[in-house]
Amino acid sequence: MHEYSVMKKLVTAVIDELKDRDIEKIIQVKVEIGDLTFLGEEQLKFAYEVLSKDTILEGSKLKLIKKPAKVRCSECGYEGEIEYSDDPAFHYTVPVISCPRCESKPDIIQGKEMNITGVTAEEVE
Ligand SMILES: [Zn+2]
């Protein structure tokens, strides 16, 4: 399961980040997820639950924020979001992305990333 290995990296990164601080409990971890990662939200949440068990993250909530894909076309100068149908097949294969204006192949400037944008913690008084 792809989601599991992605989430494992993320959970490890969060724990690593927190280990030198006096934190008792994590309440929420906020993660931005690009549309072009094609990761299943349910699978990610499930993996998070499994991986956070017996760690400082146990019992915390994973909040996923979807980020739309953005492209920049060097042919016609288009910059912005793209349209692609939400075909279930996209969850298995990466779709061909084309510029909505001229149909050439644009550069993807947003949508393939997954970033931790916030961790809500309860600090030790
Ligand atoms: Zn174009």
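So, in what sense do strands β1 and β2 pair, and over how many bridges? They run parallel, with seven bridges between β1 and β2, which spans residues 61–67. V29, for one, has L62 as its bridge partner in β2. Getting from β1 to β2, the chain passes through helix α2, residues 41–52, in a right-handed β-α-β crossover.

Some housekeeping. This is a predicted model, where local features need pLDDT of at least 70 and side-chain atom pairs count only at pLDDT 80 or more, while totals for chains, interfaces and linings use all residues. Residues are numbered from 1 along each chain as its sequence is written. Strands (E, at least two residues) and helices (H or I, at least four) are DSSP runs, numbered from the N terminus. Strands pair if DSSP finds at least two bridges between them. Right-handed means that, with the strands pointing away from you, the path from the first strand over the helix to the second runs clockwise.

Back to β1, residues 23–34. With β6, residues 114–123, β1 pairs in the antiparallel sense over nine bridges. There, K30 has G118 as its bridge partner in β6.

Now, a residue in β1: I27. Buried or exposed? I27 is exposed, because it has 12 C-beta neighbours inside 10 Å (the cut-offs are 12 or fewer for exposed, 20 or more for buried, partly exposed in between, with C-beta atoms placed from the backbone). Beyond its neighbours within four places in sequence, I27 is in contact with S60, K61, T120, A121 and E122, contact being backbone-placed C-beta atoms within 7 Å.

Last, there's an open, antiparallel sheet of three strands, ordered β4-β3-β5.

Notes:
Contact = placed C-beta atoms within 7 Å.
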